[in-house]
Amino acid sequence: MTTDRIAIVTGSGSGIGRGIASHLIELGYKVAIQDLNPERVAETISLIDPQSKQTIGVVGDVSIPTDVAHCVNEVIAQWGRIDLLVNNAGYCQIKPIMDISHEEITRMFNVHVMGTFLFIQNCVPFMKQQKFGRIVNIVSALGAGASEFTSHYQAAKAAQHSIGKSAAISFAKYGITSNSVSPSTVESNLFYENDQNFLKHMGHGAKEELARRASLKSTEAVTTMDIARAVAFLAESTSNQINGQVLGI
Ligand SMILES: NC(=O)c1ccc[n+]([C@@H]2O[C@H](COP(=O)([O-])OP(=O)(O)OC[C@H]3O[C@@H](n4cnc5c(N)ncnc54)[C@H](O)[C@@H]3O)[C@@H](O)[C@H]2O)c1
């Protein structure tokens, strides 16, 4: 069992991030529950650590420099180190290329790309001092391909993966690894928040889209816990020779 490890999981107010935070708590980590949505932060803490012994909640937007600095400073003030950064915050938007606005493209890149850059830039100085750090980016199977309705999401996830690989090369000499976990389809708000967009552009809702995808797989659906276990594996000190890799789940 891992103990006395400190983690930041961005976007851990729901879905995959909440699953990762919950698993890390079970392993003995202390975890900063970072999310844009204050209700989700409070709900996650009440579910996974009701007495707030191993968590702090930090509300903020991963794409805003002062919010990111605030989160990292809070963690250092509270626990004094950062062993694991999980760049998980994100969202998807179902829209054809011709319908996506300038603002929507900018937002997509700000959250997935800028957010990843900012958290790495703020955490690495502490990881360097410790001569130890683990960065895990939650990318996407879609980031390795192309589709009609998620071009800006896919481009942003591909860029996020690229940042992770550059971080791997840049920081290996300090005992810091950077890897990515790439989920295929995990049932979460990310789908339900696009219910109307699925209906408009694909002729069926989020539930039907999840069922359609499930029917394409020969195995059981991927769960948040499958992703969480992969993150925990990459975060182990004994995973030091795994760097710049992507683990598809
Ligand atoms: N669900 C899937 O099938 C799937 C597949 C591949 C990759 N992913 C990736 O997994 C990650 C988590 O997605 P999920 O499926 O758990 O979705 P989710 O909507 O359940 O959770 C994402 C969380 O991120 C938060 N968030 C969004 N923008 C933020 C910002 N600017 N700053 C801070 N927090 C923000 C949201 O409030 C939300 O709580 C995302 O990066 C997503 O791209 C999901």
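Lysine 207 lies in helix α8 of this predicted model. Lysine 207 is partly exposed, because 13 other C-beta atoms lie within 10 Å, and a residue counts as partly exposed when that count falls between the limits of 12 or fewer for exposed and 20 or more for buried. The C-alpha atoms of lysine 207 and tyrosine 91 are separated by 17 Å, and the two residues are 116 residues apart along the chain.

Helix α8 covers residues 206–216, and leucine 216 lies in it as well. Is leucine 216 buried or exposed? Leucine 216 is exposed, with 8 other C-beta atoms within 10 Å. From leucine 216 to valine 59 the C-alpha to C-alpha distance is 37 Å, and 157 residues separate them in sequence.

**Residues in loops**

Tyrosine 174 is found in the loop between α5 (151–171) and β6 (176–182). With 15 other C-beta atoms within 10 Å, tyrosine 174 is partly exposed. Which residues does tyrosine 174 contact, leaving aside its neighbours within four places in sequence? They are Met127, Lys128 and Lys131. Glutamine 129 is 45 residues apart from tyrosine 174 in sequence, and their C-alpha atoms are 8.4 Å apart in space.

Lysine 131, one of the contacts of tyrosine 174, sits in the loop between α4 and β5 (133–138). Lysine 131 counts as exposed, because it has 10 C-beta neighbours inside 10 Å and the limit for exposed is 12 or fewer. Its phi is positive, about 60°, although lysine 131 is not a glycine. Most residues other than glycine have a negative phi.

Serine 52 also has a positive phi, near 50°, and is a residue other than glycine. Serine 52 belongs to the loop between α2 (38–48) and β3 (55–59). With 11 other C-beta atoms within 10 Å, serine 52 is exposed.

Isoleucine 242 is placed in the loop between α9 and β7 (246–248). Isoleucine 242 is partly exposed, and 15 other C-beta atoms lie within 10 Å. Apart from neighbours within four places in sequence, isoleucine 242 is in contact with Thr177, Asn179 and Leu234. Phenylalanine 117 is 125 residues apart from isoleucine 242 in sequence and 21 Å apart in space, C-alpha to C-alpha.

The separations given above are set out here.

| Residue pair | Apart in sequence | C-alpha to C-alpha distance |
|---|---|---|
| Lysine 207 and tyrosine 91 | 116 residues | 17 Å |
| Leucine 216 and valine 59 | 157 residues | 37 Å |
| Tyrosine 174 and glutamine 129 | 45 residues | 8.4 Å |
| Isoleucine 242 and phenylalanine 117 | 125 residues | 21 Å |

**Packed helices**

Two packed helices are described by the angle between their axes and the distance between the axes. Helix α3 (residues 65–79) and helix α4 (residues 102–130) pack at an angle of about 30°, and their axes are 9 Å apart. That angle makes α3 roughly parallel to α4, because angles under 35 degrees count as roughly parallel. The crossing in which α3 passes α4 is right-handed. On the α3 side, the contact is made by Pro65, Val68, Ala69, Val72 and Ile76, and on the α4 side by Leu118, Phe119, Asn122, Cys123 and Phe126. Of the residues in this contact of α3 with α4, nine are nonpolar, one is polar and none is charged.

The axes of α1 and helix α9 (residues 224–235) come within 8 Å and cross at roughly 55°. At that angle, α1 is oblique to α9. The crossing of α1 and α9 is right-handed. In α1 the residues that meet α9 are Gly15, Ile16, Arg18, Gly19, Ile20, His23 and Leu24. Their partners in α9 are Thr224, Met225, Ile227, Ala228, Arg229, Val231 and Ala232. The contact of α1 with α9 divides into eight nonpolar, four polar and two charged residues.

**Around the ligand**

Which residues come nearest to the ligand? Of the 27 residues around the ligand, they are Gly11, Gly15, Ile16, Gly90 and Ser188. The elements that give two or more residues to this shell are α1 (15–26) and α6 (189–192). Helix α1 supplies the largest share, three residues. Gly15 and Ile16, listed among the nearest to the ligand, are also among the α1 residues that meet α9. By residue class, the shell around the ligand holds 10 nonpolar, 14 polar and three charged residues.

How values were computed
Residues are numbered from 1 along each chain as its sequence is written. This is a predicted model: local features need pLDDT of at least 70, side-chain atom pairs count only at pLDDT 80 or more; totals for chains, interfaces and linings use all residues. A residue is near a molecule or strand if its C-beta atom, placed from the backbone, lies within 6 Å of it. Helices (H or I, at least four residues) and strands (E, at least two) are DSSP runs, numbered from the N terminus. Ala, Val, Leu, Ile, Met, Phe, Trp, Tyr, Cys and Pro count as nonpolar, Asp, Glu, Lys and Arg as charged, and the others, Gly among them, as polar. Axes are lines fitted to C-alpha atoms, for helices over the stretch in contact, and angles run from 0 to 180 degrees between N-to-C directions. Angles under 35 degrees count as roughly parallel, over 145 as roughly antiparallel, 65 to 115 as roughly perpendicular and the rest as oblique. A crossing is left-handed if the near helix is turned anticlockwise from the far one by less than a right angle, and right-handed if clockwise. Two residues are in contact if their C-beta atoms, placed from the backbone, lie within 7 Å.
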